[in-house]
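This text leads a new reader through a protein model, from its overall division to selected elements. Please keep the sequence and the structure in view while reading.

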Amino acid sequence: MKAYIYNGPGKSGIEERPMPTIAAATDAIVRITKTTICGTDLHILKGDVPSCEPGRVLGHEGVGVIESVGAGVTSFKPGDRVLISCITSCGRCEFCRKQMYSHCANGGWILGHRIDGTQAEYVRIPFADTSLYPIPAGADEEALVMLSDILPTGFECGVLNGKVQPGGTVAIIGAGPIGLAALLTAQFYAPSQIIMIDLDENRLATSLRFGATHTINSSDGKAAEALMALTEGRGVDTAIEAVGVAATFELCQDVVAAGGVIANIGVHGTSATLHLERLWDRNITMTTRLVDTVSTPMLLKALCSHKLDPAGLITHRFKFSNVLGAYETFGNAARSCALKVIIELE
Ligand SMILES: [Zn+2]
Ligand SMILES: [Zn+2]
């Protein structure tokens with residue numbers, strides 16, 4: 001089969017690989033029909049994720065069709081159409097029993113990281129019963145690819161952890177795919193204001209189409225002042241960090257209201273300053289989380305009943321033979337205006 005392989009920093013390409021085979025009774029082999037690229041894949045390609053070793057098939061998102069299952073798989077059979085979760089969960093360990101699938105002792109984020117991933121014609125999915133979801137008949141499979149990772153990430157790490165409330169005020173720093181996923185799912189709770197902050201005018205314009213009430217271009221360094229003017233000097237009840245750099249985390253501290261929550265989503269590679277000298281008496285809460293994908297069944301229902309429409313996140317489509325073109329487009333988002341790219345294998 002053909003697969004997209006990480007071969008060390010700056011080196012990658014399509015290679016011929018043997019078909020994956022069932023290694024444990026709880027495995028399934030899935031024929032991929034649609035996959036996508038995540039910002040994390042770009043980090044791996046740069047060499048920022050040393051736990052991902054050269055030779056790895058990348059990708060942790062996608063939909064496909066069950067090709068074969070191990071003897072212990074009871075929920076799926078060959079031919080079933082499935083959504084692949086970016087988080088593999090054994091369902092049995094202490095963390096899984098607490099619904100912290102991201103920290104599963106036997107899984108977690110392993111796909112396209114510690115084991116071969118979804119940017120290939122076939123993938124082996126461990127613990128298939130608890131790591132795959134059946135796709136309802138008639139569902140928009142392209143939109144469903146957004147449920148492998150970015151929708152549950154924006155919702156769980158941003159909206160749920162950020163305690164978004166009816167009538168509350170929300171700021172989302174970063175209007176990339178994850179920030180937009182938080183914007184879409186924050187609207188389940190009908191907050192009164194959702195203020196999107198980014199440097200990119202195109203992404204801010206997209207935010208308004210996706211339901212933001214206000215946007216702030218932070219390129220002048222005065223985003224906090226602009227936000228205070230929009231909130232009568234109070235700040236926001238929920239400040240969601242969806243970039244992963246120190247400056248945006250510190251901006252969250254500047255704009256959170258007394259009693260508010262700072263919910264971090266971003267992947268941080270360096271330390272950030274915590275301004276306790278200003279925040280110690282402000283009754284704030286700060287949260288961090290790796291997505292658990294516990295909300296995926298709910299998001300599936302919301303998508304199928306048209307209460308959630310993530311299809312607008314998809315800006316480009318590529319055939320798998322041009323996966324390099326897909327990476328080029330996704331990696332140059334400022335120029336290409338890419339949000340999520342779909343890679344088709346059928
Ligand atoms: Zn991802
Ligand atoms: Zn587990």
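The paragraphs below treat the domains, then a sheet, a pair of strands and a pair of helices.

This is a predicted model, in which local features need pLDDT of at least 70 and side-chain atom pairs count only at pLDDT 80 or more, while totals for chains, interfaces and linings use all residues. Residues are numbered from 1 along each chain as its sequence is written, and chains are lettered from A and ligands numbered from 1 in the order in which they are written.

The protein has two parts: domain 1 comprises 2–149 + 292–344, and domain 2 comprises 152–287; such bounds come from an automatic or database domain assignment. Between the C-alpha centres of domain 1 and domain 2 there is a distance of 27 Å. Where the domains meet, 17 residues of domain 1 are in contact with eleven residues of domain 2, contact being defined as C-beta atoms, placed from the backbone, that lie within 7 Å. On the side of domain 1 that touches domain 2, nine residues are nonpolar, four polar and four charged. In this classification Ala, Val, Leu, Ile, Met, Phe, Trp, Tyr, Cys and Pro count as nonpolar, Asp, Glu, Lys and Arg as charged, and the others, Gly among them, as polar.

The next topic is strands. Strands (E, at least two residues) and helices (H or I, at least four) are DSSP runs, numbered from the N terminus, and two strands pair if DSSP finds at least two bridges between them. An open sheet of three strands has the order 2-1-4, with antiparallel pairing. Its edges are strand 2 (12–16) and strand 4 (56–57), each of which pairs on one side only. Five bridges link strand 1 (residues 2–6) with strand 2 in the antiparallel sense; Ile5 has Gly13 of strand 2 as its bridge partner.

Strand 9 (residues 169–173) is mostly covered, with five of its five residues buried, that is, with 20 or more other C-beta atoms within 10 Å of their own, C-beta atoms being placed from the backbone. Thr169, Ala171 and Ile173 point one way from strand 9, whereas Val170 and Ile172 point the other way. Strand 9 runs parallel to strand 10 (residues 193–198), joined by five bridges, and Met196 in strand 10 is the bridge partner of Ile172.

Finally, helix 8 (residues 223–230) packs against helix 9 (residues 246–255) at an angle of about 30°, with the axes 10 Å apart. Axes are lines fitted to C-alpha atoms, for helices over the stretch in contact, and angles run from 0 to 180 degrees between N-to-C directions. The contact involves Ala223, Ala224 and Leu227 of helix 8 and Leu251, Asp254 and Val255 of helix 9. By class, this contact has five nonpolar residues, no polar residues and one charged residue.

Terms used. Contact = placed C-beta atoms within 7 Å. Buried ≥ 20, exposed ≤ 12 C-beta atoms within 10 Å, placed from the backbone.
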